[in-house]
Structure formats: structure tokens, C-alpha cells
Amino acid sequence: MANTYYKLASTTIGTAIASVTFSSISQSYTDLKIVGSTRQDGTANGIQLSLTFNSSASGYSRTLVYGAGSGSPVSVTGNSEALARFGWAQDGAYTANVFGDFEIYIPSYSGSTYTKSFLGNSVTENNATEAYMGPHSDLWTDTAAAITSVTITISSGTTLFSQYSTFSLYGIKSS
Amino acid sequence: MTRPTRIEINCETGVESIIELTDEEIEQNKAAAAAWEIEQVARDVEIQAKADAKASAQAKLAALGLTAEEISALD
């Protein structure tokens with residue numbers, strides 16, 4: 001990574017969990033980046049990832065364009081949602097021991113002048129026809145507050161992130 | 001049944017805590033999953049409708065006397 005990247009925190013999941021929260025995020029950087037490698041412990045099709053800032057459960061908008069390995073690409077949008085859905089956790093039925101990937105870039109996360117947005121990509125990896133991939137952009141209009149915590153969740157009531165899923169948070173200076 | 005947990009990493013101290021999800025968090029996750037399912041169904045319906053319309057159009061063109069090669073040239 002460029003020398004303006006500072007690793008603020010990183011974790012590898014030991015036992016299956018529902019979400020990862022990075023809290024008490026320093027306000028000393030310009031932007032944030034989150035990189036993840038995930039797999040879910042269930043076999044439901046295309047379980048989505050979602051994100052919330054500062055434990056807020058309102059004001060998220062999203063645009064997502066994706067392909068699923070067959071058919072034409074599809075776009076989906078949403079407004080005023082309780083969380084920002086942005087990608088997929090690798091399906092547990094997909095090729096064994098392979099993890100999906102995502103990255104999120106959050107520009108100007110500090111300060112309280114502007115509402116916050118983020119963009120990124122997510123892919124799943126499968127040695128078969130079906131696999132999900134797509135770019136997304138999301139907006140948090142609930143407040144212009146500085147982002148002090150970020151939570152990445154697997155959007156299911158029962159499915160969890162599998163062991164060895166990893167999540168890393170970087171602060172970026174002078175981007 | 002064991003309640004799902006989450007990890008919280010304090011970026012200031014580096015301390016990792018394992019915390020049980022609240023009922024509200026569990027319900028929120030279920031709602032998001034349900035919303036995605038609805039979007040998936042809508043997507044499948046849209047794809048099928050396009051495929052059906054295409055097959056119908058091709059059948060009508062064939063009835064007008066176009067060859068299969070001529071029809072595929074319109075794709």
C-alpha cells in the first residue's frame with residue numbers, strides 16, 4: 001500500500017460472528033479504507049454485507065450494479081434504509097476454502113460539515129457459473145457527524161461470518 | 001439457542017470485545033435479508049420477462065418468413 005496508508009485495526013475471525021465493529025476511530029486522517037475477505041457459514045444464495053456508521057440505524061441510500069454469473073447485469077437502489085447494503089459474503093456452498101473480497105473507500109470521514117458517503121467493490125469467488133460481483137456507492141444522510149465507528153454486518157438473522165474471515169481498517173493521510 | 005455475537009475492536013486501545021447481538025440488531029439483519037430476497041425475486045421476474053418477450057418476437061419474425069440466421073442477426 002502507498003505510504004499514506006496506516007493500518008488502524010485488523011482482525012481475523014476465530015469463531016463465527018454476525019458483525020465486526022471498528023470503534024474509537026482516530027480523526028487524524030483524511031479518508032478511511034476497509035478491506036475484507038469473507039465467507040458465510042450458511043448456504044443461502046447471495047447473502048449481502050451491510051454497513052452502519054456510529055451505530056446509526058437510519059438515513060442510508062445505495063446504488064449497486066451487479067452480475068451473478070448469468071443474465072444481464074442488474075442495478076438496484078434504495079433510500080432511507082436502516083443500513084447500507086453493499087456487497088456479498090462468499091456463499092458457504094461455493095468452492096471450498098475460498099473467500100470473497102470487498103473494499104470500501106470512505107472519503108472525508110472526519111468533521112461535521114458534510115454528509116458522508118462511501119464507494120467500493122465486492123466479489124464472490126466460485127468455480128461454477130454463479131458468483132456475484134459489483135460496484136456500489138452509498139450515502140449516509142442521517143447526520144453530518146464525523147464517523148467514529150463502522151460496523152460491517154452479514155445481513156441475515158441466522159447466517160454468520162465464517163472462521164478466518166478478515167477485516168482491516170486503514171486511515172489515509174493526504175490522499 | 002446461542003445468541004449470535006459480534007466483535008468490537010477499539011482502534012485506540014486495540015482491545016477486541018465479543019458482544020452478544022441485541023434483539024433489535026437481529027431483527028434488523030433479518031429485515032435486510034428479507035429485502036434482498038424481494039429484490040432477487042424482482043430481478044428474476046425481470047430477466048424471465050425479457051427472455052419471454054425475446055422468444056415471442058423471434059417466433060413472430062419466423063412466422064413472417066425470416067430465417068433463423070436473419071433473426072439472430074438482429075440481436
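This is a predicted model: local features need pLDDT of at least 70, side-chain atom pairs count only at pLDDT 80 or more; totals for chains, interfaces and linings use all residues.
**View 1. Chain B, from strands to helices.** Chain B carries 2 strands and 2 helices, and along the sequence they come in the order β-β-α-α. Its radius of gyration is 26 Å, well over the 11 Å that the globule rule gives for 75 residues, so chain B is more spread out than a compact globule. As for burial, 13% of the 75 residues in chain B count as buried.

**View 2. Where chain A touches chain B.** Here 31 residues of chain A are in contact with 23 residues of chain B. On the chain A side, the elements giving two or more residues are strands S1 (5–12), S2 (19–23), S4 (48–53) and S6 (74–81). S2(A) gives the most to this side, with 5 residues. Sorted by class, the chain A side has 15 nonpolar and 15 polar residues, plus 1 charged residue.

**View 3. A strand pair across the two chains.** Zoom in on S2(A), which gives 5 residues to the side of chain A that touches chain B. S2(A) pairs with strand S1 of chain B (residues 5–10) over 5 bridges, running in the parallel sense. One bridge to pick out involves Ser23(A), whose partner in S1(B) is Asn10(B).

Key
Residues are numbered from 1 along each chain as its sequence is written. Chains are lettered from A and ligands numbered from 1 in the order in which they are written. Helices (H or I, at least four residues) and strands (E, at least two) are DSSP runs, numbered from the N terminus. The radius of gyration is taken over C-alpha atoms; the globule rule is 2.2 Å times the number of residues to the power 0.38. A residue is buried if 20 or more other C-beta atoms lie within 10 Å of its own, exposed if 12 or fewer, and partly exposed in between; C-beta atoms are placed from the backbone. Two residues are in contact if their C-beta atoms, placed from the backbone, lie within 7 Å. Ala, Val, Leu, Ile, Met, Phe, Trp, Tyr, Cys and Pro count as nonpolar, Asp, Glu, Lys and Arg as charged, and the others, Gly among them, as polar. Two strands pair if DSSP finds at least two bridges between them.
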